[in-house]
Each structure stands twice: as structure tokens, then as C-alpha cells.
Amino acid sequence: MSYLFFLGIGLGTIWWGIRTTEEVARLTAAIVGALLLIWGLCLTPQSFLLIAEVLAILAIFRICVRCCKC
């Protein structure tokens, strides 16, 4: 059940990074959030892994698109 903790903290960190306006804090939140998501994905059971991966990719993709102004 610890995988939910890491996934939640990772998504929360990425969410905070999206809401902040400072570029350094946004980049730091994206990196820390990605590391926590990867750690959570390593602990995720096989049955929930696909859902967690899709959520992680969507969360990180939003930050990349906002930073590039695409």
C-alpha cells in the first residue's frame, strides 16, 4: 500500500508545480514529482501498473506542454 503514498505525493508535487509561477520551482517540482512517481511505479502491483503509468504520463505531459508554450 506504500505505492499509493508515493504516487499521491508525486502527483501532488507535480500539481503544485503547475500552479506555481516561478520557473525554478516549477522545474524542481517536475523533477521531484517524476522521481516520486517512478518510485511509486516500481512498488505498484502488476494489476494497477497500467493505470498508474497512464496517469503519470498525463501529469508530466501537462507540465512539459506548459513550459514550452506549445
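1. A word on what you are looking at. This is a predicted model, where local features need pLDDT of at least 70, side-chain atom pairs count only at pLDDT 80 or more, and totals for chains, interfaces and linings use all residues. Residues are numbered from 1 along each chain as its sequence is written, and side-chain values use heavy atoms, with hydrogens and water left out.

2. Next, helix 1, residues 2–19. Helices here are DSSP runs (H or I, at least four residues), numbered from the N terminus. The expected span is 1.5 Å times one less than the number of residues.

3. Which residues of helix 1 are buried? They are Tyr3, Phe6, Leu7, Gly10, Thr13, Ile14, Gly17 and Ile18. These residues lie on the same side of helix 1, because they cover an arc of only 145° around the axis. The arc is taken from the directions from the helix axis to the C-beta atoms. Turned away from that buried side is a face with the exposed residues Phe5, Trp15 and Arg19. Buried means under 20% relative accessible area, exposed over 50%, and partly exposed in between (1.4 Å probe, protein chains only).

4. Two residues fall in that middle class. Leu4 has a relative accessible area of 43%, so Leu4 is partly exposed; Leu4 sits in helix 1. Ile38, in helix 2 (residues 23–43), is partly exposed at 48%. Ile38 is 31 residues from Leu7 in sequence, yet their C-alpha atoms are 8.2 Å apart.

5. Now look at Thr44, in the loop between helix 2 and helix 3 (46–68). Thr44 counts as buried because its relative accessibility is 8%. A polar atom of its side chain lies 2.6 Å from the backbone oxygen of Gly40. Beyond residues up to four places away in sequence, Thr44 touches Tyr3, Leu7 and Leu49.

6. Finally, the largest nonpolar core has 11 residues, including Tyr3, Leu7, Ile14, Leu49 and Ala59. Helix 1, helix 2 and helix 3 each give two or more residues to this core. A nonpolar core is a set of buried Ala, Val, Leu, Ile, Met, Phe, Trp, Tyr and Cys residues joined through side-chain atoms within 4.5 Å.

Technical notes:
Polar contact = N/O pair within 3.5 Å; in protein donor to acceptor, adjacent residues only side chain to side chain. Contact = heavy atoms within 4.5 Å.
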